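Here are some notes for reading the entry below. Please keep the structure open while going through the points.

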Amino acid sequence: MSHLSRRSFLILSTSAAVAGLAACTSNAAAPSSPVRVAPNSPLVAAAERDRRKAGARTTSVRLDATVGEVDLGGVQVTTWTYGGELPGKEVRIQRGDVLRAHLTNNLPQPTTIHWHGLALRNDMDGVPGLTQPEVPAGANFTYEFTVPDAGTHWFHSHVGVQLDRGLYAPIIVEDPADGADYDTELVVVLDDWLDGTGRIPDTVLADLIKNGMNMGGMDHGGMPGMDHGGMPQSTLLGGDAGDVIYPHILANGRIASAPRSVTAKPGQRIRLRLVNAAADTAFRVGVPGVPMRVTHTDGFPVQPREADTVLLGMGERVDAVITVPDDTVPVLALAEGRDSYAQVIIRSGRESNPAASDSAAKQLEQLPVLAINDLKATEEVTLADRAPDVSHTLVLDGPGAKYDWTINGKPYNPDDGLPIRDGQRVRVRFENKSSMFHPMHIHGHTFQILGRNGRGPRKDTAIVLPGEALEVDFDANNPGQWLTHCHNAYHGESSMMTVLSYVQ
């Protein structure tokens, strides 16, 4: 709990936040000095008015953040969820409509909700101390915003390491024009799990801070497939594959031995919507013997590519269409570097038992992996060619002696941002100086990866491998203060965060 208390001083009232942010950037002797665009700025409200179209419908949902028992498939745990479900109940809404989400916080701690992947209004982004105060225990808060873009997204808590409990759910933003190339959909949410198994995320983080990389939150006991003091290893990820050892890997809230299943007909085309909601684990996903046609990543369409498997970092999403075979098959998610997997079963044949096995998982591990960063956006979502107006380099490094991960060598400070202005083309260069991969996420925008072969996919989260750099461009068209961070929950909470700060 000491880590949460350390951050609590950042939680400001709206009026105090505006005054404080302005004071950090204005100067009485230099009135032309830039002033930060605060979350309650008229510019934020004006951008929301521009997004909201006449006739937009409103979808209302109630989200009860609560403590209770959850069944992982014969494994009972007490954890925190939305409405007692794991994942939380799926939210569906059409592009351009308004979402009104009533949050009731029945947890013993403050919380917020971040709407991952949505270019929404800044004061609804759910980042404590930056865009809103935390919602206290026993209190309520209503999020209301226009949903501008279609795609596969998700939402989760953004307080401490609450993400590594069960506080997450998919949000599917539908495009009325979709559906010509598939018959039905299957949402698959992937996760690593330790909460309620004798450990909780807060104590795991405290152990990492106290003991550094030697612990990973528990005694590893020489687990198979582990190295460097028992930590997961992956050639695909350039070395270290995680900092925490997890007893369970989940797909749609269930362990592999007790999977969820759906019934389909041979020849039916299923749009898989794959979401990596894990805190510390990348997943290699595929359907043994069935090719996938990858169509979207992080909600935006790409030029279709056939793949046997795809790799999803934490926070990333991929959509892919498969054709159901005559036999029952699993959608397999291999926890990269961890010798474990999760699955959802697609039943179309006469088999009554789950189709996956250790041998099937090992077979899938040998198949080629499609590099998502090398995909290309479709023409209609490709950013126009334009030189950047401003560039920022974010050097990713760590861990330090106290498990501190940094951007540009600094601890996170919400009052210390990288300035950008409305209308600019912004280039961000991520340089990974550490020995571990980082899925880097920019709030409130989608960027375009500048790949080896020109402009790549539109995304909001992308893996930066150790020792490598990744450049992305985005258009500054959503005013406010936007968190940019590693989506490894333990890295982000250990200071691998900064702010892309709109100024005037």
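**Notes on the predicted model**

1. Six strands make up an open sheet of mixed pairing, and their order is 25-24-27-32-29-30. The edge positions belong to strand 25 (406-407) and strand 30 (454-459). Each of these has a single partner strand, so one of its sides has no neighbour in the sheet. This is a predicted model, and the points here should be read with that in mind.

2. How many bridges join strand 29 to strand 30? There are four, and the two strands run antiparallel. Strand 29 covers residues 447-451. As background, strands in a sheet pair through backbone hydrogen bonds, in either a parallel or an antiparallel way.

3. For the chain as a whole, there are six helices and 34 strands. Of its 504 residues, 58% are buried. Taking contacts between residues at least 6 apart in sequence, 75% join residues at least 24 apart. The accessible surface is about 18,900 Å², and carbon and sulfur atoms account for 49% of that surface.

4. The largest nonpolar core has 96 residues. Those touching the most other members are Leu 272, Val 285, Val 294, Val 310, Ile 346, Phe 430 and Tyr 490. Strand 9 (residues 184-193) contributes the most to this core, giving six residues. In soluble globular proteins, nonpolar side chains tend to be buried together.

5. Which residues is Val 285 in contact with, leaving aside neighbours within four places in sequence? They are Leu 190, Leu 274, Met 292, Asp 308, Thr 309, Val 310, Leu 312, Val 331, Leu 332 and Ala 333. Val 310, one of these contacts, is also listed with Val 285 among the core residues that touch the most other members.

6. Is His 491 buried or exposed? His 491 has 0% relative accessibility and therefore counts as buried; the cut-off for buried is under 20%. This residue lies in helix 6 (residues 489-492). Its side chain makes a polar contact of 3.2 Å with the side chain of His 438. Not counting residues up to four places away in sequence, His 491 touches Asp 243, Tyr 403, Trp 405, Met 436, Phe 437, His 438, Cys 486 and Met 496.

Definitions and conventions: Residues are numbered from 1 along each chain as its sequence is written. This is a predicted model: local features need pLDDT of at least 70, side-chain atom pairs count only at pLDDT 80 or more; totals for chains, interfaces and linings use all residues. Side-chain values use heavy atoms; hydrogens and water are left out. A nonpolar core is a set of buried Ala, Val, Leu, Ile, Met, Phe, Trp, Tyr and Cys residues joined through side-chain atoms within 4.5 Å. Buried means under 20% relative accessible area, exposed over 50%, partly exposed in between (1.4 Å probe, protein chains only). Contact means heavy atoms within 4.5 Å. A polar contact is a pair of N or O atoms within 3.5 Å; within protein, one must be able to donate a hydrogen and the other to accept it, and residues adjacent in sequence count only if both atoms are side-chain atoms. Accessible areas come from the Shrake-Rupley method with a 1.4 Å probe; for residues, only the protein chains shown count as cover. Two strands pair if DSSP finds at least two bridges between them.
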